[in-house]
2 protein chains.
Amino acid sequence: MPMYKAPLEDINFVLNDVLNAQSLTQLPGFEDATPDLVQSVLEEAAKLCENVLQPINRSGHEEGCHYENGVVRTPKGFKEAYDLYKEGGWQGMAFDPEYGGQGLPHTIGFVLEELMCSSNMAFAMYPGLTHGAMNAIRAHASEELKAQYLPKMVSSEWSGTMCLTEPHCGTDLGLMKTKAVPSDDGSYRITGTKIFISAGEHDLTSNIIHLVLAKLPDGPPGIKGVSLFLVPKFLPNENNEPGVRNGVMCGSIEHKMGIMANATCVMNFDDAKGWLVGEPHKGMRAMFTMMNAARLGVGMQGLGVASVAYQNAVVYAKDRLQGRALSGTKAPDKVADPIIVHPDVRKNLMQGKAFIEGARALGYWVGMMIDLVEKHPDPVARQEADDFVALLTPVIKAYFTDMGYEIATNSQQMYGGHGYIREWGMEQFVRDARIAMIYEGANGIQALDLVGRKMPQNLGRLLRRFFHPMQAELEQSQEDAALLEFVIPLAKAFGKLQQATAVVAQKGMSRPEEAGAASTDYLRIFGLVSVGWMWLKMVKVAREKLAEGTDGKDSFYDGKIKTARFFVEKMLPEVDFRFKSLMSGAKSMMDLDAEQF
Amino acid sequence: MPMYKAPLEDINFVLNDVLNAQSLTQLPGFEDATPDLVQSVLEEAAKLCENVLQPINRSGHEEGCHYENGVVRTPKGFKEAYDLYKEGGWQGMAFDPEYGGQGLPHTIGFVLEELMCSSNMAFAMYPGLTHGAMNAIRAHASEELKAQYLPKMVSSEWSGTMCLTEPHCGTDLGLMKTKAVPSDDGSYRITGTKIFISAGEHDLTSNIIHLVLAKLPDGPPGIKGVSLFLVPKFLPNENNEPGVRNGVMCGSIEHKMGIMANATCVMNFDDAKGWLVGEPHKGMRAMFTMMNAARLGVGMQGLGVASVAYQNAVVYAKDRLQGRALSGTKAPDKVADPIIVHPDVRKNLMQGKAFIEGARALGYWVGMMIDLVEKHPDPVARQEADDFVALLTPVIKAYFTDMGYEIATNSQQMYGGHGYIREWGMEQFVRDARIAMIYEGANGIQALDLVGRKMPQNLGRLLRRFFHPMQAELEQSQEDAALLEFVIPLAKAFGKLQQATAVVAQKGMSRPEEAGAASTDYLRIFGLVSVGWMWLKMVKVAREKLAEGTDGKDSFYDGKIKTARFFVEKMLPEVDFRFKSLMSGAKSMMDLDAEQF
């Protein structure tokens, strides 16, 4: 059975030493979010994840959800775990106090997301979807709807969903068929079928609030005619308790590769009563509020699964005795050495460590930027932060989830044949991690978002939010000779990123196909350079700490420097490969006729 | 439901045009293996795979094997399919006629392996294991054992297994505990527990012949004290029919990530009667006969799964309508364009095509070399072929299976959310492909075999069997200006492979850790360069054919040239990445103390 220990030491390092998250206390509303408070919140979160969610992760995978006559039963222990989650007030931790939230920074929400996905990704999706729905309601719904629904969702009493996909359309939502017809009382009647609705039906909450994309009769064709509606499973009665059953029903649940404990539902809306959220035909805009947050959340899922898979790979590599070290016996008292002595085993583990710790810093940094977007008094600072978040959202979604799957696979590999056996739990990580590359916009779509939308936006303004400070940090860092081993390769990779940007921007203007062809290579380069930047920051902090004296934590900081070295020597060179591939252009992939495949 | 069509056109191209497989008819015993005969055998094989094995692939995945009281039941339809396989005489197709085989070239056996693994990998493993056992018996057992067991196995009446792994030892078989005690009648009594025994128990055959590694009482410690034994499930009676039940019993079957329809058994040997195969304490040598063939077979599994996954990705990419081409609408009569118009979709498909077709050529080439090893009258030619096979075995095992998993994953990605749903069948390919990276020596072990065993062997003689002809072909090809776009990048990659070889060989002598640290990067470079070489050969043939006139097959040959271009532009540059990583040496992966992970 896999174990999980929330990596609080590393999390505190990132928050306090690297990102200076205590600066958030200067923002209005975050005055109380001191490192001490954050620390105690995270300790409680760790307990929930380690003691409540992790122990039902594998059993949930084995049992799965069960469907009968429209009713979905979650696996054993999920309801009890959800009740503890609810009692802890976790759903509202980083949400507006006006609706019952605790108003802590989103940064801490990002940490919680990571820990929950490490311990039980399928469980984490239930409150995760609610969170997305809460955000969209708060940003776009009327005051009445907000007052009626948000407190119930913040308290975990009711949960939420996002209903976008239909059988014939996922990426291309303009093809949507679900219809909304206005009623006289200002509400609407929704009819249609939605598929792949995570947490669409379950037994954890007394009501489920669906946010549904549908077309109004007078809407323009395609994506511009899509509106967003709030459709509760039960219509609230005068006491705002679940009343009459609405015309929404789960038709079936999918049998999937993973996230077995999360119900993926076919939802049938049959003249269901709903209310418009936001303006008519502006549903996609409202949906993107939900989706952008959800995409970052999915990126954190990739990180979370990588983290727990890596932890278990390390445990096994220290424990499993097999063969002798090539440099001579290391454990003469044992029948063989633990496999962690073998270089290739270490390479595998180092890859996990170098990705996870670098991605953690990058992910939390974006979390902090969201806090700035919401709270910073200066509109310029808010805009800058928003640009940064918008730019990095596709990178975090796609790069983190591609790597999540890769690290989960590599960690499973450590176990040899045992990794393939369900009982050992490693195969679950791979199967769970796989979905994160697909949903909330498949990773290829993220890459298109990066090159097609984020790159050209405001004449490259978003890119400058990243390039300028990174350039400045590289220049400043190169003055310290001890940093050169990191700065030089990183500066080269950064140069390639800039060059690739120029080429894609230029080619893409005359032939959009060229941008599309470059997109996944470009996103990967962006991910590698971003994480590399984090490693430079972390090395600098580690060196300072070691110079100042670390209170017995030398080994921790020393490990950071060594891991950074591994990253630049063994992982960052992937930029060379992707760059060369990107520079060769679209021709070789567009040349074949469809019949030649 | 996935489809499968045996890619006979491409197979014939590889066999007849690229590898000149008709030259095999000049070897004694293969006189009849003309292209016509091979063609008709392959057409029959395609029918079996498309019509019998493929239709029970997904149902086998869903149903899995069932265990009760030592008895294993295979999924519905497996017994009937096995009977058809048996009737077709497929088990003996490439086996010695002396024991009832048809004596066709191993090359054709490689093709059959690919087709069977494309259509039903879990099924293919049953005869695959038998094949491995047959090889070991033929090479090492006494004449009596051969006469008694081989005809029954060749006819598919009895099946075989390989029993190596124990709970505490997989890679490091020297730790083995299973014991063999000599009896007065020349037989032995075997006691111990083996795990992960594929096809260890099932209902397809009337007897199962286990080849079991065990230690004799007087054996030296470690791997040098291991001997190989033949242990039948039922002891043959005087008519050579299954008689008394032997002391071997399946204790349980594993619940796995994939290959659900193949029983992975815990086998308990309790004073079971067995016979020595080969010399005492030389069990590993005999086992390697089995294992080397099995490793190549596993490589072909990777190719086979990649091939079927790719085929289904292509079908979906042509069928699924979503979005419009960036270069302008392609299907104005439809609500959207098929996704194959999108560059990144094509990149995904091209990667599959470029790997699969290149790997197919390389795999079959190694198959041909095995035929030379067995049949060539000239001992020098035999030795040369044997060197080539030995060198490429770890490359084919590891590179093909890593890529098999990658292509299966990429192909699943094409399906968006549907790819994650079991019903669509794409997730099975990923789950089945995963095991091939683990069993028959995990891929990290293959890489060690390449750098630690194959590279230094006979002062680099094996490497020269690869380097010299490739060098010659590059030199000869560079005289044709039209080939330069392929020759130049390939020559550069080849140069890096040679340079990496020199560095690893030199560093590895003083610090074996350095060779271990370089091993997986090195193997990957080797795989990329080998497949690149195949693409050069294929381009040359395609150009000749186009010049000669192709009988209406211009599009096929044109596709070859374009796919080669994709390979050198988009895939071969990975060599740069791996080379840079390799050259940075072992330090960054060895530096961390175990506690720092």
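Is Lys540(A) buried or exposed? In this predicted model, Lys540(A) is buried, because its relative accessible area is 14% and the cut-off for buried is under 20%.

**Around Lys540(A)**

- Lys540(A) is part of helix H14, which covers residues 512–548 of chain A.
- The side chain of Lys540(A) makes a polar contact of 2.9 Å with the side chain of Glu473(A).
- Leaving aside residues up to four places away in sequence, Lys540(A) touches Glu473(A), Gln476(A), Ser477(A) and Leu483(A).

**The annotated region**

- An unreviewed UniProt entry lists residues 467–593 of chain A as "domain: Acetyl-CoA dehydrogenase-like C-terminal".

- Strand E6 of chain A takes in residues 207–215, and nine of its nine residues are buried.
- In a regular strand, side chains alternate between the two faces of the sheet.
- On one side of E6(A), the buried residues are Asn207(A), Ile209(A), Leu211(A), Leu213(A) and Lys215(A); on the other, they are Ile208(A), His210(A), Val212(A) and Ala214(A).
- E6(A) pairs in the parallel sense with strand E3 (residues 158–163) of chain A, over six bridges, and Asn207(A) in E6(A) has Trp158(A) opposite.
- E6(A) also pairs with strand E7 (residues 226–232) of chain A, here in the antiparallel sense over seven bridges, with Val226(A) in E7(A) as the bridge partner of Lys215(A).

Definitions and conventions: Residues numbered from 1 in each chain as written. Chains lettered and ligands numbered in written order. Predicted model: local features only at pLDDT ≥ 70, side-chain atom pairs only at ≥ 80, totals over all residues. Heavy atoms only, no water. Helix = DSSP H or I, 4+ residues; strand = E, 2+ residues; numbered from the N terminus. Buried < 20%, exposed > 50% of the residue type's maximum accessible area, 1.4 Å probe, protein only. Polar contact = N/O pair within 3.5 Å; in protein donor to acceptor, adjacent residues only side chain to side chain. Contact = heavy atoms within 4.5 Å. UniProt positions renumbered as here; feature names shortened; annotations may be inferred. Pairing = 2+ DSSP bridges.
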